[in-house]
Amino acid sequence: MKISEIYKNKKKSLSFEIFPPKKDSQLDNIDDTLDVLSELHPDFISVTFGAGGSSNCNRTIELAKKIKYKYGIEPVVHLTCLHYDKAEIEEFARVLKAEGIENVLALRGDKNDRVKEKDDFRHSSDLISFLKPDYDFCFLGACYPECHPESPNRVSEIKCLKSKVDAGAEALISQLFFDNEAFFHFNEECKIADIDVPVIPGVMPVINATQIKRMISMCNATFPERFERIIRRYEDNKEALFDAGMSYALSQIIDLLVSDIRGIHLYTMNNPIVARRICEGIKNIV
C-alpha cells in the first residue's frame, strides 16, 4: 500500500522510524524490536539509509523486506542522493521495485567529510524528479519546522519545500523538535505556501542526554525552557531522565494530536520500550 492512501483514509496516523544494524549478522537480532513494534500496529515503519556504500543500501532493503513480508507492515525506505550518481540511484530504484517496495522517503543526505559528494543530485527534489517518470513509488519528503541548518532564512526554506512537493512528494515528515508552537507556526506557513500534502511531525523522546544534544546540533532544534529544566535536572540520572523525557514526549504528542495534526512519526532509536510506552499513552487518541 502507498502511504498516500493511508493519509487519505485515516484521521490520525502512527508511524515509527528504525535504523538497520551496522552488521549484516545483526539483522536477525532486530526481530525482538520488530516483534514489539508490530504489536503496536503502526501504519508504516521507515528504515534509514546511510551514505557511502552499497552495504548501507543492502541492509536497509533487507530490513524493509522483513518488515513488509514477515510482519505485514508497510515499509518506507529512506533514499539519500548527495553521495550517489544517476546510475547508482537507478540501480537502487530497480532493486526496490523488484522487491515490491512502494514507498520512498527522498532525502538529500547529510554532508560527510569522509564520503565524496557527487554532482548529479544537489537536492531531494532532484531525486524525486529523476525517479518519478519511470517508477511508481509514493515519494515522501523531509521538512524542518525550525529551518534546515543550511537554510539562509525561512522564506528560502519554504520555497525549497514547495519545490519538493511540486516535484512529487505526497507527504512530509518533520525532523525532531521540542517546541510544538514552532511546528504549529511552520504548519501554517506551509498552508500559506499552498503546500497541500500532509505534514507529519516527527517526535523523539529524550532518553539519553548526550545523544539528544548531538541530534539537536545537527537538526537545528531549540530547547524550550521546560525541556532545558529536564536536561539540567536529570542528565546525570539515567532512569529519571528516561521517565521525565518520556513524559515530556507524551505531553508533546497529545498536544499535537488534539490540535488536528494528521499523525505522529516516532523516532524510536530502535528502542521498543519507548514505542510501547508512547503507544500506551495515546491508545485512545490515534
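How close do the axes of helix α2 and helix α11 come, and at roughly what angle do they cross? Here are some notes on that and a few other spots; please keep in mind that this is a predicted model.

1. **Helices α2 and α11.** The axes of α2 (residues 31–39) and α11 (residues 272–282) come within 9 Å and cross at roughly 10°. Since angles under 35 degrees count as roughly parallel, that is how these two helices are described relative to each other. On the α2 side the contact involves Thr33, Val36, Leu37 and Glu39, which meet Pro272, Ala275 and Arg276 of α11. Sorted by class, this contact of α2 with α11 has four nonpolar, one polar and two charged residues.

2. **Helices α9 and α10.** Here is a pairing with another orientation to look at: α9 (residues 225–234) and α10 pack at an angle of about 170°, their axes 9 Å apart. With angles over 145 degrees counting as roughly antiparallel, α9 and α10 therefore fall in that class. From α9, the residues in contact are Arg226, Phe227, Ile230, Ile231 and Tyr234; from α10, they are Ala240, Leu241, Ala244, Gly245, Tyr248 and Ser251. The class tally for α9 with α10 is eight nonpolar, two polar and one charged.

3. **Aromatic pairs.** The count of aromatic pairs comes to 12. In one of them, Phe49 and Tyr84 have ring centres 5.8 Å apart and planes at 70°, so the pair is edge-to-face. This pair links distant parts of the chain, 35 residues apart: Phe49 sits in the loop between β2 (44–47) and α3 (54–70), and Tyr84 in the loop between β3 (74–80) and α4 (86–98). Phe49 is buried at 9% relative accessible area, and Tyr84 is buried too, at 3%.

Notes:
Residues numbered from 1 in each chain as written. Predicted model: local features only at pLDDT ≥ 70, side-chain atom pairs only at ≥ 80, totals over all residues. Heavy atoms only, no water. Axes fitted to C-alpha atoms, helices over the stretch in contact; angles between N-to-C directions. Helix = DSSP H or I, 4+ residues; strand = E, 2+ residues; numbered from the N terminus. Parallel < 35°, antiparallel > 145°, perpendicular 65-115°, else oblique. Contact = heavy atoms within 4.5 Å. Nonpolar A, V, L, I, M, F, W, Y, C, P; charged D, E, K, R; others polar. Phe/Tyr/Trp six-rings, centres within 6.5 Å; stacked < 30°, edge-to-face > 60°. Buried < 20%, exposed > 50% of the residue type's maximum accessible area, 1.4 Å probe, protein only.
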